[in-house]
Amino acid sequence: MIAETMALTFRALKKWIRNPAAVLPGLFTSIFYLALFGSSFNPANLIPSGFSSTQISQTFGGAPTYITYLTAGVICLILVFNMAFGGIDLVLDRQLGFLNTVLTAPIPRAAIFFSGVAQNLVKVMFLAFLTFLIALVIPNGLVLPAGFGVLNLIGVFGSFALLGLGLSCVFTALALSVRSIDSLVAIVNFLTLPLIFMSDALFPSSSFPDWLKTIANVNPITKADEAARLLIVNGNLTSSQLSTFANDVLYLVGVVAILTIIGYFAAEKALSAQ
Amino acid sequence: MTKIIEADHLTKIYKGKVKAVDDISFAVDEGEIFGFLGPNGAGKTTTIKMLDTLATITSGKAFVAGHDVHREPGAVRDSIGVVPQELTADDELSGMENIVLAANLHHVQGSEARRRSAELLKLVDLEDAAGRKVRTFSGGMRRRLQLAMGLVHMPKVLFLDEPTLGLDIQTRKKMWDYIGRLNKERGLTVFMTTHYLEEADSLCNRIAIIDKGVIKLSGSPAELKQKLGGDILTLELAETPVDLTEFFKGIPDVSDVTRTGQVYRIKLPRTEKALPIIVEGVVRKNIEIKEISFTKPTLDQVFLEITGKSMRDEDASESDSVFQNFIMERATS
(Lines give C-alpha, C1' and ligand atoms only; values in the text may rest on other atoms or scores of the structure.)
Protein backbone atom coordinates (compact mmCIF):
# COMPACT_ATOMS: atom_id res chain seq x y z
CA MET A 1 0.00 0.00 0.00
CA ILE A 2 2.91 2.35 0.74
CA ALA A 3 4.16 2.34 -2.88
CA GLU A 4 0.70 3.20 -4.24
CA THR A 5 0.16 5.89 -1.59
CA MET A 6 3.49 7.43 -2.51
CA ALA A 7 2.76 7.25 -6.24
CA LEU A 8 -0.53 9.12 -5.80
CA THR A 9 1.03 11.62 -3.37
CA PHE A 10 3.95 12.40 -5.68
CA ARG A 11 1.55 12.88 -8.57
CA ALA A 12 -0.33 15.55 -6.59
CA LEU A 13 2.83 17.21 -5.33
CA LYS A 14 4.38 17.31 -8.81
CA LYS A 15 1.30 19.15 -10.06
CA TRP A 16 1.49 21.52 -7.11
CA ILE A 17 5.19 22.29 -7.55
CA ARG A 18 4.67 22.94 -11.27
CA ASN A 19 2.00 25.48 -10.51
CA PRO A 20 3.57 27.97 -8.06
CA ALA A 21 0.56 30.26 -8.46
CA ALA A 22 -1.45 27.76 -6.41
CA VAL A 23 0.54 28.80 -3.32
CA LEU A 24 -0.26 32.49 -3.75
CA PRO A 25 -3.83 32.62 -2.35
CA GLY A 26 -2.66 30.97 0.87
CA LEU A 27 0.31 33.25 1.04
CA PHE A 28 -1.83 36.36 0.59
CA THR A 29 -4.11 35.21 3.41
CA SER A 30 -1.05 34.98 5.68
CA ILE A 31 0.18 38.43 4.68
CA PHE A 32 -3.25 40.02 5.04
CA TYR A 33 -3.86 38.55 8.47
CA LEU A 34 -0.44 39.32 9.84
CA ALA A 35 0.29 42.67 8.20
CA LEU A 36 -3.22 44.11 7.95
CA PHE A 37 -5.33 42.40 10.62
CA GLY A 38 -2.41 42.17 13.05
CA SER A 39 -1.60 45.85 12.70
CA SER A 40 -5.05 47.40 12.31
CA PHE A 41 -6.61 45.38 15.15
CA ASN A 42 -3.64 45.72 17.44
CA PRO A 43 -5.35 45.73 20.85
CA ALA A 44 -2.59 47.98 22.16
CA ASN A 45 -4.19 50.81 20.17
CA LEU A 46 -7.79 50.08 21.10
CA ILE A 47 -7.98 52.50 24.03
CA PRO A 48 -6.75 56.11 23.82
CA SER A 49 -4.30 55.79 26.69
CA GLY A 50 -2.91 52.58 25.14
CA PHE A 51 -1.73 49.45 26.91
CA SER A 52 1.61 49.28 28.56
CA SER A 53 3.95 46.59 27.30
CA THR A 54 3.39 44.77 30.62
CA GLN A 55 -0.38 44.81 30.08
CA ILE A 56 0.04 43.48 26.54
CA SER A 57 2.33 40.79 27.79
CA GLN A 58 -0.15 39.81 30.54
CA THR A 59 -3.11 39.82 28.15
CA PHE A 60 -1.40 37.81 25.45
CA GLY A 61 0.25 35.09 27.47
CA GLY A 62 3.62 36.79 27.72
CA ALA A 63 3.85 37.79 24.03
CA PRO A 64 5.68 41.12 23.63
CA THR A 65 3.55 42.14 20.62
CA TYR A 66 0.11 41.20 19.35
CA ILE A 67 1.61 39.77 16.14
CA THR A 68 3.84 37.51 18.23
CA TYR A 69 0.63 36.24 19.84
CA LEU A 70 -1.24 36.17 16.53
CA THR A 71 1.36 34.23 14.49
CA ALA A 72 0.46 30.82 15.89
CA GLY A 73 -3.24 31.61 15.43
CA VAL A 74 -2.77 32.72 11.83
CA ILE A 75 -0.82 29.57 11.07
CA CYS A 76 -3.71 27.53 12.54
CA LEU A 77 -6.09 29.54 10.40
CA ILE A 78 -3.95 28.84 7.33
CA LEU A 79 -3.99 25.15 8.22
CA VAL A 80 -7.77 25.08 8.57
CA PHE A 81 -8.63 27.00 5.41
CA ASN A 82 -6.07 25.40 3.14
CA MET A 83 -6.78 21.88 4.39
CA ALA A 84 -10.48 22.51 3.85
CA PHE A 85 -10.17 23.90 0.34
CA GLY A 86 -7.34 21.52 -0.57
CA GLY A 87 -10.07 18.92 -1.00
CA ILE A 88 -11.16 20.66 -4.20
CA ASP A 89 -8.40 18.80 -6.08
CA LEU A 90 -9.86 15.49 -4.91
CA VAL A 91 -13.38 16.48 -5.99
CA LEU A 92 -11.96 17.43 -9.39
CA ASP A 93 -10.24 14.04 -9.58
CA ARG A 94 -13.66 12.45 -9.15
CA GLN A 95 -15.41 14.78 -11.58
CA LEU A 96 -12.78 14.39 -14.30
CA GLY A 97 -12.78 10.60 -14.00
CA PHE A 98 -9.26 10.22 -12.62
CA LEU A 99 -10.60 8.73 -9.39
CA ASN A 100 -12.47 6.02 -11.30
CA THR A 101 -9.24 5.11 -13.08
CA VAL A 102 -7.57 4.71 -9.69
CA LEU A 103 -10.53 2.74 -8.35
CA THR A 104 -10.22 0.17 -11.13
CA ALA A 105 -6.56 -0.41 -10.18
CA PRO A 106 -5.76 -3.19 -7.72
CA ILE A 107 -4.81 -0.90 -4.84
CA PRO A 108 -6.30 -0.63 -1.35
CA ARG A 109 -8.85 2.19 -1.01
CA ALA A 110 -6.84 3.32 2.01
CA ALA A 111 -3.99 4.34 -0.34
CA ILE A 112 -6.31 6.93 -1.93
CA PHE A 113 -7.30 8.28 1.48
CA PHE A 114 -3.77 8.40 2.91
CA SER A 115 -2.34 9.98 -0.25
CA GLY A 116 -5.02 12.69 0.05
CA VAL A 117 -4.04 13.25 3.68
CA ALA A 118 -0.30 13.30 2.91
CA GLN A 119 -0.46 15.64 -0.08
CA ASN A 120 -2.61 18.15 1.80
CA LEU A 121 -0.35 17.98 4.82
CA VAL A 122 2.83 18.64 2.81
CA LYS A 123 1.27 21.53 0.89
CA VAL A 124 -0.19 23.21 3.95
CA MET A 125 2.84 22.73 6.18
CA PHE A 126 4.90 24.46 3.51
CA LEU A 127 2.48 27.38 3.66
CA ALA A 128 2.64 27.33 7.45
CA PHE A 129 6.42 27.65 7.30
CA LEU A 130 6.19 30.53 4.83
CA THR A 131 3.70 32.24 7.15
CA PHE A 132 6.16 31.90 10.01
CA LEU A 133 8.87 33.52 7.89
CA ILE A 134 6.52 36.33 6.83
CA ALA A 135 5.69 37.00 10.49
CA LEU A 136 9.40 37.30 11.19
CA VAL A 137 10.14 39.78 8.42
CA ILE A 138 7.16 42.16 8.55
CA PRO A 139 7.71 45.38 10.54
CA ASN A 140 6.73 45.09 14.24
CA GLY A 141 6.14 41.41 13.58
CA LEU A 142 7.01 38.22 15.36
CA VAL A 143 9.57 38.63 18.14
CA LEU A 144 11.17 35.35 19.12
CA PRO A 145 12.63 34.97 22.61
CA ALA A 146 16.36 34.79 23.18
CA GLY A 147 17.60 31.23 22.85
CA PHE A 148 14.80 30.09 20.51
CA GLY A 149 16.44 27.16 18.76
CA VAL A 150 15.90 24.32 16.35
CA LEU A 151 14.24 22.12 18.98
CA ASN A 152 11.76 24.91 19.72
CA LEU A 153 11.08 25.22 16.00
CA ILE A 154 10.52 21.46 15.75
CA GLY A 155 8.14 21.65 18.72
CA VAL A 156 6.21 24.52 17.12
CA PHE A 157 5.84 22.81 13.76
CA GLY A 158 5.28 19.42 15.36
CA SER A 159 2.19 20.87 17.06
CA PHE A 160 0.99 22.39 13.82
CA ALA A 161 1.68 19.12 11.97
CA LEU A 162 -0.47 17.19 14.45
CA LEU A 163 -3.33 19.63 13.99
CA GLY A 164 -2.77 19.54 10.22
CA LEU A 165 -2.86 15.76 10.19
CA GLY A 166 -6.16 15.64 12.06
CA LEU A 167 -7.69 18.32 9.85
CA SER A 168 -6.39 16.63 6.72
CA CYS A 169 -8.08 13.35 7.71
CA VAL A 170 -11.41 15.12 8.17
CA PHE A 171 -11.27 17.22 5.03
CA THR A 172 -9.86 14.45 2.82
CA ALA A 173 -12.67 12.12 3.86
CA LEU A 174 -15.15 14.94 3.26
CA ALA A 175 -13.72 15.70 -0.20
CA LEU A 176 -13.89 12.02 -1.16
CA SER A 177 -17.51 11.85 0.03
CA VAL A 178 -19.00 14.82 -1.83
CA ARG A 179 -19.76 14.83 -5.53
CA SER A 180 -19.41 18.53 -6.35
CA ILE A 181 -17.20 21.48 -5.50
CA ASP A 182 -20.31 23.49 -4.53
CA SER A 183 -21.20 20.95 -1.84
CA LEU A 184 -17.64 20.93 -0.53
CA VAL A 185 -17.45 24.73 -0.37
CA ALA A 186 -20.82 24.94 1.41
CA ILE A 187 -19.80 22.42 4.07
CA VAL A 188 -16.32 23.91 4.45
CA ASN A 189 -17.70 27.41 4.91
CA PHE A 190 -20.07 26.09 7.55
CA LEU A 191 -17.25 24.36 9.46
CA THR A 192 -14.17 26.55 9.20
CA LEU A 193 -15.22 29.90 10.66
CA PRO A 194 -16.78 28.44 13.84
CA LEU A 195 -13.67 26.26 14.28
CA ILE A 196 -11.47 29.37 14.17
CA PHE A 197 -13.68 31.69 16.21
CA MET A 198 -14.28 29.04 18.87
CA SER A 199 -10.55 28.84 19.59
CA ASP A 200 -7.98 31.26 20.92
CA ALA A 201 -6.35 31.61 17.50
CA LEU A 202 -7.09 35.31 17.17
CA PHE A 203 -7.81 36.38 20.76
CA PRO A 204 -7.14 34.79 24.15
CA SER A 205 -10.01 32.55 25.25
CA SER A 206 -9.75 34.08 28.75
CA SER A 207 -11.80 36.99 27.39
CA PHE A 208 -14.56 34.67 26.03
CA PRO A 209 -17.93 34.10 27.72
CA ASP A 210 -17.98 30.87 29.76
CA TRP A 211 -19.89 28.76 27.20
CA LEU A 212 -17.48 29.76 24.44
CA LYS A 213 -14.50 29.24 26.72
CA THR A 214 -15.67 25.68 27.39
CA ILE A 215 -15.85 24.91 23.68
CA ALA A 216 -12.55 26.67 22.94
CA ASN A 217 -10.81 24.61 25.62
CA VAL A 218 -11.63 21.34 23.85
CA ASN A 219 -11.04 22.69 20.34
CA PRO A 220 -7.89 21.05 18.89
CA ILE A 221 -7.02 24.39 17.31
CA THR A 222 -6.72 25.91 20.78
CA LYS A 223 -4.45 23.05 21.85
CA ALA A 224 -2.14 23.33 18.82
CA ASP A 225 -2.18 27.08 19.14
CA GLU A 226 -1.37 26.96 22.82
CA ALA A 227 1.46 24.43 22.40
CA ALA A 228 3.07 26.36 19.54
CA ARG A 229 2.54 29.71 21.23
CA LEU A 230 4.17 28.56 24.45
CA LEU A 231 7.37 27.88 22.51
CA ILE A 232 7.14 30.98 20.30
CA VAL A 233 6.66 33.27 23.27
CA ASN A 234 8.87 31.59 25.86
CA GLY A 235 11.47 29.57 24.02
CA ASN A 236 12.72 27.36 26.82
CA LEU A 237 9.76 26.24 28.90
CA THR A 238 9.39 26.08 32.67
CA SER A 239 8.26 22.77 34.11
CA SER A 240 4.62 23.90 34.38
CA GLN A 241 4.74 25.23 30.79
CA LEU A 242 6.32 21.97 29.69
CA SER A 243 3.50 20.07 31.35
CA THR A 244 0.91 22.20 29.51
CA PHE A 245 2.80 21.65 26.26
CA ALA A 246 2.96 17.89 26.83
CA ASN A 247 -0.77 17.74 27.68
CA ASP A 248 -1.63 19.69 24.53
CA VAL A 249 0.50 17.41 22.36
CA LEU A 250 -1.00 14.27 23.91
CA TYR A 251 -4.48 15.68 23.39
CA LEU A 252 -3.63 16.35 19.74
CA VAL A 253 -2.23 12.82 19.29
CA GLY A 254 -5.52 11.43 20.66
CA VAL A 255 -7.56 13.67 18.37
CA VAL A 256 -5.42 12.67 15.36
CA ALA A 257 -5.89 8.97 16.19
CA ILE A 258 -9.68 9.36 16.40
CA LEU A 259 -9.93 11.51 13.27
CA THR A 260 -7.70 9.10 11.32
CA ILE A 261 -9.99 6.20 12.18
CA ILE A 262 -13.16 8.17 11.41
CA GLY A 263 -11.68 9.59 8.20
CA TYR A 264 -10.46 6.18 7.08
CA PHE A 265 -13.85 4.51 7.48
CA ALA A 266 -15.70 7.47 5.96
CA ALA A 267 -13.34 7.40 2.95
CA GLU A 268 -13.69 3.61 2.58
CA LYS A 269 -17.45 4.04 2.47
CA ALA A 270 -17.24 6.93 0.01
CA LEU A 271 -14.91 4.97 -2.28
CA SER A 272 -16.81 1.69 -2.23
CA ALA A 273 -18.70 0.64 -5.36
CA GLN A 274 -22.15 2.23 -5.55
CA MET B 1 -12.87 -21.51 -26.36
CA THR B 2 -12.43 -20.24 -22.77
CA LYS B 3 -15.00 -17.76 -21.58
CA ILE B 4 -13.10 -14.82 -20.11
CA ILE B 5 -16.14 -12.69 -19.30
CA GLU B 6 -19.42 -14.22 -18.20
CA ALA B 7 -22.47 -12.21 -17.22
CA ASP B 8 -25.34 -14.20 -15.80
CA HIS B 9 -28.69 -12.42 -15.37
CA LEU B 10 -27.01 -9.13 -14.45
CA THR B 11 -29.27 -6.40 -13.16
CA LYS B 12 -28.40 -2.95 -11.90
CA ILE B 13 -30.92 -0.73 -10.16
CA TYR B 14 -29.68 2.69 -9.01
CA LYS B 15 -31.01 3.99 -5.70
CA GLY B 16 -33.77 1.41 -5.76
CA LYS B 17 -35.51 3.22 -8.61
CA VAL B 18 -33.72 3.41 -11.93
CA LYS B 19 -33.21 0.06 -13.64
CA ALA B 20 -30.15 0.70 -15.80
CA VAL B 21 -29.46 -2.92 -16.71
CA ASP B 22 -32.20 -5.50 -16.73
CA ASP B 23 -31.34 -9.19 -16.46
CA ILE B 24 -28.68 -9.44 -19.17
CA SER B 25 -26.58 -12.52 -19.87
CA PHE B 26 -23.67 -12.88 -22.26
CA ALA B 27 -20.23 -14.41 -22.52
CA VAL B 28 -17.03 -13.19 -24.16
CA ASP B 29 -14.45 -15.65 -25.43
CA GLU B 30 -10.77 -15.23 -24.66
CA GLY B 31 -8.99 -13.32 -27.41
CA GLU B 32 -12.14 -11.86 -28.91
CA ILE B 33 -13.18 -8.24 -29.49
CA PHE B 34 -16.69 -7.89 -28.17
CA GLY B 35 -18.70 -4.78 -29.00
CA PHE B 36 -21.50 -3.38 -26.89
CA LEU B 37 -23.77 -1.11 -28.92
CA GLY B 38 -26.76 0.85 -27.78
CA PRO B 39 -28.41 4.25 -27.61
CA ASN B 40 -27.58 6.75 -24.87
CA GLY B 41 -28.70 5.49 -21.49
CA ALA B 42 -29.07 1.94 -22.81
CA GLY B 43 -26.87 0.52 -20.03
CA LYS B 44 -23.53 0.12 -21.81
CA THR B 45 -21.37 2.06 -19.38
CA THR B 46 -23.26 0.65 -16.39
CA THR B 47 -22.47 -2.85 -17.63
CA ILE B 48 -18.77 -1.99 -17.90
CA LYS B 49 -18.88 -0.43 -14.44
CA MET B 50 -20.29 -3.63 -12.98
CA LEU B 51 -17.67 -5.73 -14.75
CA ASP B 52 -14.74 -3.50 -13.77
CA THR B 53 -15.93 -3.37 -10.12
CA LEU B 54 -16.86 0.33 -10.07
CA ALA B 55 -20.56 -0.40 -9.58
CA THR B 56 -22.21 -3.01 -7.40
CA ILE B 57 -24.38 -5.68 -8.97
CA THR B 58 -28.00 -5.53 -7.82
CA SER B 59 -28.66 -9.12 -8.83
CA GLY B 60 -27.05 -11.77 -10.99
CA LYS B 61 -23.44 -12.79 -11.27
CA ALA B 62 -20.42 -11.81 -13.32
CA PHE B 63 -17.03 -13.42 -13.77
CA VAL B 64 -14.01 -11.76 -15.33
CA ALA B 65 -10.84 -13.79 -16.00
CA GLY B 66 -12.29 -16.53 -13.82
CA HIS B 67 -12.92 -14.28 -10.81
CA ASP B 68 -16.28 -13.43 -9.29
CA VAL B 69 -16.66 -9.66 -9.68
CA HIS B 70 -18.57 -9.34 -6.41
CA ARG B 71 -16.47 -11.67 -4.24
CA GLU B 72 -12.98 -11.09 -5.70
CA PRO B 73 -12.87 -7.49 -6.90
CA GLY B 74 -9.12 -7.23 -6.23
CA ALA B 75 -8.34 -10.22 -8.45
CA VAL B 76 -10.60 -8.80 -11.17
CA ARG B 77 -8.81 -5.43 -11.01
CA ASP B 78 -5.49 -7.26 -11.32
CA SER B 79 -6.67 -8.86 -14.57
CA ILE B 80 -8.23 -5.89 -16.34
CA GLY B 81 -7.29 -2.65 -18.00
CA VAL B 82 -9.87 0.09 -18.24
CA VAL B 83 -9.89 2.95 -20.72
CA PRO B 84 -12.80 5.21 -19.75
CA GLN B 85 -14.58 7.57 -22.10
CA GLU B 86 -13.47 10.57 -20.06
CA LEU B 87 -9.99 11.92 -20.78
CA THR B 88 -8.44 11.16 -17.43
CA ALA B 89 -4.72 11.50 -18.12
CA ASP B 90 -3.30 14.25 -15.96
CA ASP B 91 -2.79 17.49 -17.89
CA GLU B 92 0.06 18.69 -15.71
CA LEU B 93 2.11 15.49 -16.01
CA SER B 94 4.02 14.34 -19.06
CA GLY B 95 2.93 11.39 -21.17
CA MET B 96 5.66 9.25 -19.60
CA GLU B 97 4.75 10.33 -16.05
CA ASN B 98 1.11 9.46 -16.63
CA ILE B 99 1.88 6.00 -17.91
CA VAL B 100 4.44 5.31 -15.18
CA LEU B 101 1.82 6.36 -12.61
CA ALA B 102 -0.63 3.88 -14.16
CA ALA B 103 2.10 1.21 -13.90
CA ASN B 104 2.81 2.06 -10.25
CA LEU B 105 -0.88 1.71 -9.43
CA HIS B 106 -0.75 -1.82 -10.85
CA HIS B 107 2.28 -2.95 -8.82
CA VAL B 108 4.77 -2.35 -11.64
CA GLN B 109 7.55 -0.24 -10.16
CA GLY B 110 10.93 1.32 -10.93
CA SER B 111 12.87 0.54 -14.09
CA GLU B 112 10.35 -2.11 -15.19
CA ALA B 113 7.59 0.53 -15.11
CA ARG B 114 9.71 2.90 -17.21
CA ARG B 115 10.71 0.15 -19.65
CA ARG B 116 7.11 -0.93 -20.25
CA SER B 117 5.94 2.68 -20.47
CA ALA B 118 8.53 3.50 -23.12
CA GLU B 119 7.57 0.38 -25.09
CA LEU B 120 3.87 1.24 -25.01
CA LEU B 121 4.45 4.89 -25.87
CA LYS B 122 6.29 3.63 -28.93
CA LEU B 123 3.46 1.26 -29.77
CA VAL B 124 0.95 4.15 -29.84
CA ASP B 125 3.40 6.44 -31.67
CA LEU B 126 3.88 8.80 -28.76
CA GLU B 127 7.56 8.25 -28.04
CA ASP B 128 8.44 11.72 -29.35
CA ALA B 129 5.88 13.33 -27.05
CA ALA B 130 6.78 11.26 -23.98
CA GLY B 131 8.30 14.19 -22.11
CA ARG B 132 5.64 16.75 -23.02
CA LYS B 133 2.89 17.76 -20.64
CA VAL B 134 -0.40 16.15 -21.60
CA ARG B 135 -2.14 19.53 -21.77
CA THR B 136 -0.20 20.12 -25.01
CA PHE B 137 -1.53 16.86 -26.51
CA SER B 138 -4.26 16.75 -29.15
CA GLY B 139 -7.43 14.76 -28.48
CA GLY B 140 -6.14 11.82 -30.49
CA MET B 141 -2.84 11.77 -28.60
CA ARG B 142 -4.70 11.77 -25.29
CA ARG B 143 -6.80 8.82 -26.39
CA ARG B 144 -3.72 6.92 -27.51
CA LEU B 145 -2.00 7.69 -24.22
CA GLN B 146 -5.01 6.39 -22.31
CA LEU B 147 -4.97 3.23 -24.36
CA ALA B 148 -1.31 2.73 -23.42
CA MET B 149 -2.12 3.48 -19.75
CA GLY B 150 -4.74 0.73 -19.79
CA LEU B 151 -2.19 -1.78 -21.07
CA VAL B 152 0.90 -1.08 -18.99
CA HIS B 153 0.26 -3.95 -16.55
CA MET B 154 -0.48 -6.42 -19.36
CA PRO B 155 -4.12 -7.10 -18.52
CA LYS B 156 -6.00 -10.15 -19.75
CA VAL B 157 -9.07 -8.09 -20.59
CA LEU B 158 -9.22 -4.51 -21.79
CA PHE B 159 -12.43 -2.51 -21.29
CA LEU B 160 -12.76 0.36 -23.74
CA ASP B 161 -15.64 2.74 -23.15
CA GLU B 162 -16.16 4.78 -26.33
CA PRO B 163 -12.43 4.72 -27.18
CA THR B 164 -12.69 7.00 -30.20
CA LEU B 165 -15.29 9.48 -28.98
CA GLY B 166 -14.70 12.95 -30.37
CA LEU B 167 -11.89 11.93 -32.72
CA ASP B 168 -11.72 12.71 -36.41
CA ILE B 169 -12.02 9.78 -38.81
CA GLN B 170 -8.26 9.53 -39.49
CA THR B 171 -7.37 9.34 -35.81
CA ARG B 172 -10.26 6.97 -35.23
CA LYS B 173 -8.91 4.59 -37.85
CA LYS B 174 -5.49 4.78 -36.25
CA MET B 175 -7.02 3.76 -32.95
CA TRP B 176 -8.79 0.82 -34.62
CA ASP B 177 -5.43 -0.21 -35.98
CA TYR B 178 -3.85 -0.19 -32.50
CA ILE B 179 -6.75 -2.11 -30.97
CA GLY B 180 -6.76 -4.65 -33.79
CA ARG B 181 -3.01 -5.17 -33.51
CA LEU B 182 -3.17 -5.61 -29.73
CA ASN B 183 -5.87 -8.19 -30.18
CA LYS B 184 -4.06 -10.10 -32.91
CA GLU B 185 -0.46 -9.85 -31.70
CA ARG B 186 -1.03 -10.18 -27.95
CA GLY B 187 -4.27 -12.15 -27.90
CA LEU B 188 -5.82 -9.41 -25.78
CA THR B 189 -9.54 -9.74 -25.10
CA VAL B 190 -11.30 -6.42 -25.71
CA PHE B 191 -14.73 -5.44 -24.43
CA MET B 192 -15.72 -2.16 -26.01
CA THR B 193 -18.66 0.17 -26.26
CA THR B 194 -18.88 2.44 -29.25
CA HIS B 195 -21.17 4.83 -31.02
CA TYR B 196 -19.49 4.25 -34.34
CA LEU B 197 -21.10 1.34 -36.12
CA GLU B 198 -18.40 1.09 -38.75
CA GLU B 199 -15.97 0.77 -35.85
CA ALA B 200 -17.91 -2.16 -34.42
CA ASP B 201 -18.33 -3.66 -37.87
CA SER B 202 -14.64 -3.57 -38.72
CA LEU B 203 -13.20 -4.43 -35.30
CA CYS B 204 -15.56 -6.68 -33.39
CA ASN B 205 -15.79 -10.45 -33.65
CA ARG B 206 -19.17 -10.30 -31.93
CA ILE B 207 -21.61 -7.58 -31.02
CA ALA B 208 -24.48 -7.23 -28.56
CA ILE B 209 -27.08 -4.53 -29.03
CA ILE B 210 -28.49 -3.26 -25.77
CA ASP B 211 -31.50 -0.98 -25.40
CA LYS B 212 -33.27 0.13 -22.23
CA GLY B 213 -31.06 -2.18 -20.19
CA VAL B 214 -31.93 -5.30 -22.19
CA ILE B 215 -29.79 -7.13 -24.76
CA LYS B 216 -31.93 -7.21 -27.87
CA LEU B 217 -29.63 -9.06 -30.23
CA SER B 218 -26.15 -10.52 -30.32
CA GLY B 219 -23.91 -12.26 -32.80
CA SER B 220 -21.17 -11.55 -35.31
CA PRO B 221 -21.65 -8.44 -37.48
CA ALA B 222 -22.39 -10.72 -40.46
CA GLU B 223 -24.99 -12.70 -38.49
CA LEU B 224 -26.69 -9.55 -37.29
CA LYS B 225 -26.92 -8.14 -40.78
CA GLN B 226 -28.29 -11.41 -42.04
CA LYS B 227 -31.02 -11.26 -39.41
CA LEU B 228 -32.31 -8.10 -41.05
CA GLY B 229 -33.90 -10.37 -43.62
CA GLY B 230 -32.49 -8.93 -46.81
CA ASP B 231 -31.74 -5.72 -48.67
CA ILE B 232 -33.64 -2.54 -47.96
CA LEU B 233 -35.43 -0.45 -50.54
CA THR B 234 -36.24 3.10 -49.48
CA LEU B 235 -38.96 4.67 -51.55
CA GLU B 236 -40.05 8.28 -51.19
CA LEU B 237 -43.32 9.05 -52.93
CA ALA B 238 -44.99 12.32 -53.83
CA GLU B 239 -47.73 13.53 -51.48
CA THR B 240 -50.72 11.19 -51.73
CA PRO B 241 -53.55 10.22 -49.40
CA VAL B 242 -53.13 6.59 -50.43
CA ASP B 243 -51.33 4.29 -47.99
CA LEU B 244 -49.40 1.70 -49.98
CA THR B 245 -48.21 -0.37 -47.01
CA GLU B 246 -50.66 -3.22 -47.57
CA PHE B 247 -50.07 -3.14 -51.31
CA PHE B 248 -46.33 -3.60 -50.81
CA LYS B 249 -46.86 -6.30 -48.18
CA GLY B 250 -48.94 -8.23 -50.68
CA ILE B 251 -46.08 -8.53 -53.16
CA PRO B 252 -44.24 -11.88 -53.00
CA ASP B 253 -40.63 -11.57 -51.75
CA VAL B 254 -41.39 -8.51 -49.63
CA SER B 255 -40.70 -9.50 -46.04
CA ASP B 256 -41.52 -6.26 -44.23
CA VAL B 257 -42.71 -2.72 -44.85
CA THR B 258 -42.50 0.32 -42.57
CA ARG B 259 -43.78 3.77 -43.41
CA THR B 260 -42.71 7.18 -42.11
CA GLY B 261 -44.76 9.89 -43.86
CA GLN B 262 -44.30 9.28 -47.56
CA VAL B 263 -41.13 7.26 -47.09
CA TYR B 264 -41.46 3.46 -47.23
CA ARG B 265 -38.73 1.10 -46.08
CA ILE B 266 -39.26 -2.23 -47.81
CA LYS B 267 -37.28 -5.31 -46.85
CA LEU B 268 -36.51 -7.58 -49.79
CA PRO B 269 -34.99 -11.05 -49.36
CA ARG B 270 -34.83 -11.37 -53.17
CA THR B 271 -34.46 -7.90 -54.58
CA GLU B 272 -34.18 -8.84 -58.25
CA LYS B 273 -37.69 -10.34 -58.26
CA ALA B 274 -39.54 -7.85 -56.09
CA LEU B 275 -38.07 -4.55 -57.28
CA PRO B 276 -39.69 -4.44 -60.78
CA ILE B 277 -43.10 -5.38 -59.34
CA ILE B 278 -42.91 -2.63 -56.73
CA VAL B 279 -41.90 0.09 -59.17
CA GLU B 280 -44.45 -1.00 -61.76
CA GLY B 281 -47.20 -1.10 -59.12
CA VAL B 282 -46.49 2.45 -57.95
CA VAL B 283 -46.38 3.79 -61.53
CA ARG B 284 -49.70 2.11 -62.33
CA LYS B 285 -51.26 3.88 -59.38
CA ASN B 286 -50.12 7.18 -60.92
CA ILE B 287 -48.02 8.09 -57.90
CA GLU B 288 -44.78 9.91 -58.55
CA ILE B 289 -41.62 8.37 -57.15
CA LYS B 290 -39.52 11.24 -55.74
CA GLU B 291 -36.58 9.21 -54.64
CA ILE B 292 -35.58 5.59 -54.66
CA SER B 293 -32.55 4.07 -53.00
CA PHE B 294 -31.37 0.60 -52.31
CA THR B 295 -28.95 -0.52 -49.63
CA LYS B 296 -27.30 -3.68 -48.51
CA PRO B 297 -27.86 -4.36 -44.80
CA THR B 298 -25.57 -2.39 -42.48
CA LEU B 299 -25.16 -2.39 -38.74
CA ASP B 300 -26.82 1.02 -38.69
CA GLN B 301 -29.92 -0.61 -40.14
CA VAL B 302 -29.70 -3.42 -37.62
CA PHE B 303 -29.45 -0.81 -34.90
CA LEU B 304 -32.43 1.09 -36.31
CA GLU B 305 -34.42 -2.11 -36.54
CA ILE B 306 -33.70 -3.08 -32.96
CA THR B 307 -33.85 0.26 -31.16
CA GLY B 308 -36.14 2.25 -33.44
CA LYS B 309 -33.45 4.93 -33.65
CA SER B 310 -30.62 5.59 -36.05
CA MET B 311 -27.17 5.79 -34.51
CA ARG B 312 -26.81 9.14 -36.29
CA ASP B 313 -29.82 10.45 -34.29
CA GLU B 314 -28.04 9.24 -31.20
CA ASP B 315 -24.91 11.12 -32.13
CA ALA B 316 -26.90 14.28 -32.70
CA SER B 317 -28.78 14.06 -29.42
CA GLU B 318 -25.67 13.23 -27.49
CA SER B 319 -23.75 16.16 -28.85
CA ASP B 320 -26.29 18.39 -27.13
CA SER B 321 -25.43 17.22 -23.69
CA VAL B 322 -23.15 19.33 -21.57
CA PHE B 323 -21.05 16.34 -20.62
CA GLN B 324 -20.49 15.40 -24.21
CA ASN B 325 -19.48 18.94 -25.05
CA PHE B 326 -17.00 18.80 -22.22
CA ILE B 327 -15.52 15.55 -23.49
CA MET B 328 -15.35 16.93 -27.02
CA GLU B 329 -13.73 20.10 -25.81
CA ARG B 330 -10.96 18.17 -24.08
CA ALA B 331 -10.64 15.71 -26.91
CA THR B 332 -10.19 18.34 -29.55
CA SER B 333 -8.11 20.86 -27.63
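Which residues form a nonpolar patch on the surface? They are L24(A), F28(A), I31(A), F32(A) and L36(A), with about 450 Å² of accessible area together. This is a predicted model, where local features need pLDDT of at least 70, side-chain atom pairs count only at pLDDT 80 or more, and totals for chains, interfaces and linings use all residues. Residues are numbered from 1 along each chain as its sequence is written, chains are lettered from A and ligands numbered from 1 in written order, and side-chain values use heavy atoms, leaving out hydrogens and water.

**The patch on chain A**
- Patch members have over 30% relative accessible area and no salt bridge, with nonpolar side chains joined within 5 Å.
- F32(A) sits in helix α2 (residues 24-40) of chain A.
- F32(A) counts as partly exposed because its relative accessibility is 46% (buried is under 20%, exposed over 50%, 1.4 Å probe, protein chains only).

**The sheet in chain B**
- Four strands make an open sheet in the order β12-β13-β11-β14 (chain B), with antiparallel pairing (pairing takes at least two DSSP bridges; a strand is a DSSP run of at least two residues, a helix at least four).
- β12 (256-260) and β14 (289-295) of chain B are the edges, each with a single partner strand, so one side of each has no neighbour in the sheet.
- Six bridges link β11 (residues 231-237) and β13 (residues 263-268) of chain B, and L235(B) has Y264(B) as its bridge partner in β13(B).

**Helices on the sheet**
- Helix α10 (residues 271-284) of chain B lies across β11, β13 and β14 of chain B, at about 10 degrees to β11(B) (angles run from 0 to 180 degrees between N-to-C directions).
- Helix α11 (residues 299-307) of chain B touches β11, β12, β13 and β14 of chain B (contact means heavy atoms within 4.5 Å).

Note on methods. Patches are made of residues with over 30% relative accessible area and no salt bridge: like charges are joined within 9 Å, nonpolar side chains (Val, Leu, Ile, Met, Phe, Trp, Tyr) within 5 Å. Accessible areas come from the Shrake-Rupley method with a 1.4 Å probe; for residues, only the protein chains shown count as cover. A salt bridge is a side-chain nitrogen of Lys or Arg within 4 Å of a carboxyl oxygen of Asp or Glu.
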